[in-house]
Amino acid sequence: MPPQLSRIQGFLVVLGAGTMFSFGPLTFRAVVEADEWQYLFHRAFWTGVVAALVIALGGRNPVRAIRAAGGRQLVAGLLLGTLFGIFVVALSRVTAAFILLLQCTSPFYAALMARLFLGEKVSRRTVLAMSVAAAGVLVMVGGNVGGGDPLGIGLALILPVCLGAYTVLVRSSPAEDPGAPTVVAGFFAATVAGLISLFGPGLALPARDVLMGFVGGGLLLGLGVPMWNYAHRFVPVAEVNLLLITEVVLAPVWLWIWPGERPSSTTLIGGGIALAAVTWLTVVTARAGEMERAPRRIGLHAGAAPGYRRFVSQRNGGR
């Protein structure tokens with residue numbers, strides 16, 4: 001019987017993944033010449049490469065892992081790759097504050113879809129935490145959402161819906177490896193961004209920009225997204241998306257430390273409110289003794305953890 005995470009352990013894994021994702025804006029700020037599509041190509045390419053290497057180091061063939069993942073996991077990977085591109089286009093047409101504000105609505109969409117398609121109920125304390133976190137993000141951005149053209153606004157509205165759908169897809173079906181959707185997403189987004197860049201400025205970039213793409217994609221996403229996928233198996237869908245608000249809250253803090261983009265007082269206050277809501281939900285869940293294990297028929301089971309099968313085989317003398 002493969003080991004499984006408790007709900008609170010799954011909470012901590014999602015919080016860790018959200019913390020990793022929050023460093024992403026630093027890598028984009030550090031590029032020298034790359035435009036959005038060039039950066040997206042290198043970030044997505046290294047995301048796919050590192051995720052495939054993790055699968056290979058676990059003793060599996062990445063291609064076979066993708067085939068074994070099933071149709072819903074394949075669709076989830078394509079959806080995640082599409083999200084990479086939608087975010088870039090939306091960011092070029094509307095303000096980051098507007099996208100940030102809409103991102104905090106993803107837990108509500110995820111909760112609705114999980115209720116409709118998975119039959120998952122949302123506890124009152126989760127709804128309370130979601131509402132407080134949303135209020136905190138609203139304080140963060142204040143009235144500085146700015147304008148934007150209809151296409152940018154439309155794409156920004158689609159983002160949280162797609163994120164909620166991705167969460168439901170990953171949780172709803174078993175897969176052999178949590179890295180499989182990440183490989184699909186990385187190479188799919190890299191193909192699209194690469195084609196767009198080839199018809200524009202090309203893909204040649206300074207070594208520093210390529211390195212930032214590797215850090216932002218290979219290290220942060222290539223390792224962080226499989227962790228996030230893995231935790232879907234043990235944490236309710238609405239709470240998975242709620243915990244990712246740590247990415248929204250921590251990103252301005254890292255940009256304040258370096259390169260010195262000082263956040264406003266409302267950003268700090270609102271971020272503190274949102275982070276307090278997430279912390280409260282985590283502490284209350286732990287104190288309530290909610291250490292239950294999720295049924296294996298839903299989502300990614302713990303035996304899919306990279307290297308687990310090889311470890312068990314060696315421990316049992318190769319049996």
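The model is predicted, with local features requiring pLDDT of at least 70 and side-chain atom pairs pLDDT 80 or more, while totals for chains, interfaces and linings use all residues. Residues are numbered from 1 along each chain as its sequence is written, and side-chain values use heavy atoms, without hydrogens or water.

**Exercise 1.** Determine what span helix α8 should have at 1.5 Å a residue.

Solution. Helices are DSSP runs of H or I with at least four residues, numbered from the N terminus. The expected span is 1.5 Å times one less than the number of residues, so the 18 residues of α8 (residues 124–141) should span 26 Å, in agreement with the 26 Å between its end C-alpha atoms. Just after α8, glycine 142 adopts a positive phi of about 60°.

**Exercise 2.** Classify the aromatic pair of phenylalanine 28 and tyrosine 39.

Solution. Rings of Phe, Tyr and Trp (its six-membered ring) pair if their centres lie within 6.5 Å, and planes under 30 degrees apart count as stacked, over 60 as edge-to-face and the rest as tilted. At 5.1 Å centre to centre and 65° between the planes, this pair is edge-to-face. Phenylalanine 28 lies in helix α2 and tyrosine 39 in helix α3, so the pair ties together parts 11 residues apart in sequence.

**Exercise 3.** Classify the aromatic pair of phenylalanine 41 and phenylalanine 45.

Solution. With 6.0 Å centre to centre and 15° between the planes, the pair is stacked. Both residues belong to helix α3, where being four residues apart separates them by about one helical turn.

Note on methods:
Helices (H or I, at least four residues) and strands (E, at least two) are DSSP runs, numbered from the N terminus.
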